[in-house]
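Reader: I would like to learn how to read cavities, cores and contacts in a model such as this one. Could we go through them one at a time?

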Amino acid sequence: MSHNRSHSHNHDHGPGNHSHDDEVEPALQSLIWKQIDFESIRTLNEREPDQGAKILEKTWPQRLDPEPILESDSDEQILMFVPFTGVLKLHSVLIRSSDDSSAPKTLKLYLNRDDLDFSTASDLQPKQTLELSQTSEIQDLPVKRTSFGNTYSLTLFFEDNFGNEITRISWIGFKGEFMNLNREPVEVLYEKAANPKDHTLIQGVGDMASQGTRHGM
């Protein structure tokens with residue numbers, strides 16, 4: 001199959017200011033967001049440059065926003081390489097797509113591989129295969145924690161969908177425990193989320209909302 005691979009990453013990284021007083025949830029303490037290496041994300045077969053990176057840059061409050069959206073180009077397959085800034089113990093992958101035939105159906109996960117394309121991903125045994133649902137609700141897809149306890153990067157291969165020529169994904173997130181490269185304990189990273197009365201911004205979700213950094217590969 002032929003895939004268009006355009007990967008110039010020049011995108012705004014500034015979702016704007018939000019109030020998170022009503023969005024403090026215990027589960028968000030394990031949401032990985034600020035620890036994603038956004039400028040190093042690569043997406044193969046995306047219709048427009050940076051679409052893959054942009055849906056990952058959506059914060060938790062923006063997870064239901066219709067735009068931006070990732071669409072496949074020459075066929076239904078999408079391959080995403082997502083690196084992290086340290087070591088992650090991955091718990092689950094969160095995805096929002098749609099309830100029509102463009103929703104992804106099969107997701108294959110590859111651990112710590114930065115050299116995959118569609119050919120190698122098709123031939124290589126994935127670390128885990130997840131079956132997705134045809135829904136516009138947020139899907140929280142648990143992984144085998146023993147297999148993803150030392151995650152530096154994750155490659156997501158959306159192999160097919162529910163019958164459409166184009167696959168559409170509006171949001172992707174991750175849950176897990178994170179360790180800085182200097183091995184700083186994860187408890188320190190999430191300390192700000194321990195007492196919502198004192199901290200209204202959740203570490204890793206909303207505390208980078210005011211930044212407007214532009215990334216370029």
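Reader: Which element gives the most to the lining of the largest cavity?

Author: Rolling a probe the size of a water molecule over the atoms shows where empty space is left. On a 1 Å grid over the protein atoms alone, a cavity is a set of points where a 1.4 Å probe fits but cannot get out, and its lining residues have an atom within 4 Å of a point. Here β11 gives the most to the lining of the largest cavity, with four residues, where helices (H or I, at least four residues) and strands (E, at least two) are DSSP runs numbered from the N terminus. This is a predicted model, in which local features need pLDDT of at least 70 and side-chain atom pairs count only at pLDDT 80 or more, whereas totals for chains, interfaces and linings use all residues. Residues are numbered from 1 along each chain as its sequence is written, and side-chain values use heavy atoms, with hydrogens and water left out.

Reader: What volume does the largest cavity have, and which residues line it?

Author: Grid points are joined across faces, edges and corners, and a volume is the space filled by probe spheres set on the points. The count comes to one cavity of 30 Å³ or more, and the largest cavity has a volume of about 50 Å³. Its lining consists of L31, I32, W33, I36, L56, K58, T59, W60, W171, I172, G173 and F174. The elements that give two or more residues to this lining are β2 (31–32) and β11 (171–180).

Reader: Which residues have the most contacts inside the largest nonpolar core?

Author: A nonpolar core is a set of buried Ala, Val, Leu, Ile, Met, Phe, Trp, Tyr and Cys residues joined through side-chain atoms within 4.5 Å; buried means under 20% relative accessible area, exposed over 50%, and partly exposed in between, with a 1.4 Å probe and protein chains only. The largest such core has 32 residues, and those with the most contacts inside it are V93, L156, F158, I172 and F174. At least two residues of this core come from each of α1 (51–57), β5 (78–96), β6 (104–111), β9 (151–161) and β11, and the largest share, eight residues, comes from β5. A second, separate core of seven residues includes L44, F118, A121 and F157.

Reader: Where does E71 lie, and is it buried or exposed?

Author: E71 lies in strand β4 (residues 70–71) and counts as buried because its relative accessibility is 16%.

Note on methods: On a 1 Å grid over the protein atoms alone, a cavity is a set of points where a 1.4 Å probe fits but cannot get out, and a pocket is an open set with protein on both sides within 12 Å along at least five of seven lines; lining residues have an atom within 4 Å of a point.
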